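Take a look at it first, and then we can go through some of its local details together.

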Amino acid sequence: LTGDKSKLQITLLNKGSSLLKQHNPRVRAIFDRILTSRGITVIKNATATSVSSSVNTKTLHYNYLETKASDDFDEIIWCTNASAQEWVKNSTPFET
């Protein structure tokens, strides 16, 4: 990462109502507190639906509590369960 690190924004979309659902509530609360203290935004109950791009902008589209939403981004990292979502499989030139 080069440039002004104070402009860095990290957002996590999570399909469920909590991160680390396999862990106990205390561990989840600690993890949430650490992310918040580091300025990382967590959007729970959100499902990514697509990515679009234009000349100057890349946008992630997602559903959040039954509402369509979107955020622009510079870089994106996909973290999924065992396999890619169907729309990712259909819209990437890479083997999934």
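Which residues form a nonpolar patch on the surface? They are Leu8, Ile10 and Leu12, and together these three have about 240 Å² of accessible area. Please keep in mind as you read that this is a predicted model.

Ile10, one of the patch residues, lies in strand β1, which covers residues 10-14. Is Ile10 buried, partly exposed or exposed? Its relative accessibility is 38%, so Ile10 counts as partly exposed.

Asn14 is also found in strand β1. With a relative accessibility of 16%, Asn14 counts as buried, because the cut-off for buried is under 20%. A polar atom of the Asn14 side chain lies 3.0 Å from the backbone oxygen of Ser18. If you set aside the neighbours within four places in sequence, Asn14 is in contact with Leu19, Ile43, Lys44, Asn45 and Ala46. Lys44, one of these contacts, turns up again below in a salt bridge.

Helix α1 has 13 residues, numbered 25-37. From its first C-alpha to its last, α1 reaches 18 Å, close to the 18 Å expected at 1.5 Å a residue. As a reminder for viewing it, an α-helix has 3.6 residues a turn, so residues three or four places apart point the same way.

What happens at the start of α1? There, a side-chain oxygen of Asn24 reaches to within 2.9 Å of the backbone nitrogen of Arg26.

## One salt bridge

How many salt bridges does the count come to? The count comes to one, and the partners are the side chains of Asp32 and Lys44, which meet at 3.2 Å, N to O. Asp32 lies in helix α1 and Lys44 in strand β2 (residues 40-44), so this pair ties together parts that are 12 residues apart in sequence.

Both partners can be described in terms of accessibility. Asp32 has a relative accessible area of 23% and is partly exposed. Lys44 is partly exposed too, with a relative accessible area of 23%.

## Two leucines with positive phi

Where does Leu20 lie? Leu20 is in the loop between β1 and α1. Its phi is near 50°, a positive value in a residue other than glycine. At 27% relative accessibility, Leu20 counts as partly exposed.

Leu65 is the other leucine to look at here: although Leu65 is not a glycine, it has a positive phi of about 50°. You will find Leu65 in the loop between β4 (58-64) and β5 (67-73).

## Lys68 in strand β5

Finally, have a look at Lys68, which is found in strand β5. Is Lys68 buried or exposed? At 73% relative accessibility, Lys68 counts as exposed.

Leaving aside the neighbours within four places in sequence, Lys68 is in contact with Tyr62 and Asn63.

Technical notes:
Residues numbered from 1 in each chain as written. Predicted model: local features only at pLDDT ≥ 70, side-chain atom pairs only at ≥ 80, totals over all residues. Heavy atoms only, no water. Patch = residues over 30% accessible without salt bridge, like charges linked within 9 Å, V, L, I, M, F, W, Y side chains within 5 Å. Areas by Shrake-Rupley, 256 points an atom, 1.4 Å probe, with all protein chains shown as cover. Salt bridge = Lys/Arg side-chain N within 4 Å of Asp/Glu carboxyl O. Helix = DSSP H or I, 4+ residues; strand = E, 2+ residues; numbered from the N terminus. Buried < 20%, exposed > 50% of the residue type's maximum accessible area, 1.4 Å probe, protein only. Polar contact = N/O pair within 3.5 Å; in protein donor to acceptor, adjacent residues only side chain to side chain. Contact = heavy atoms within 4.5 Å. Expected span 1.5 Å × (residues − 1).
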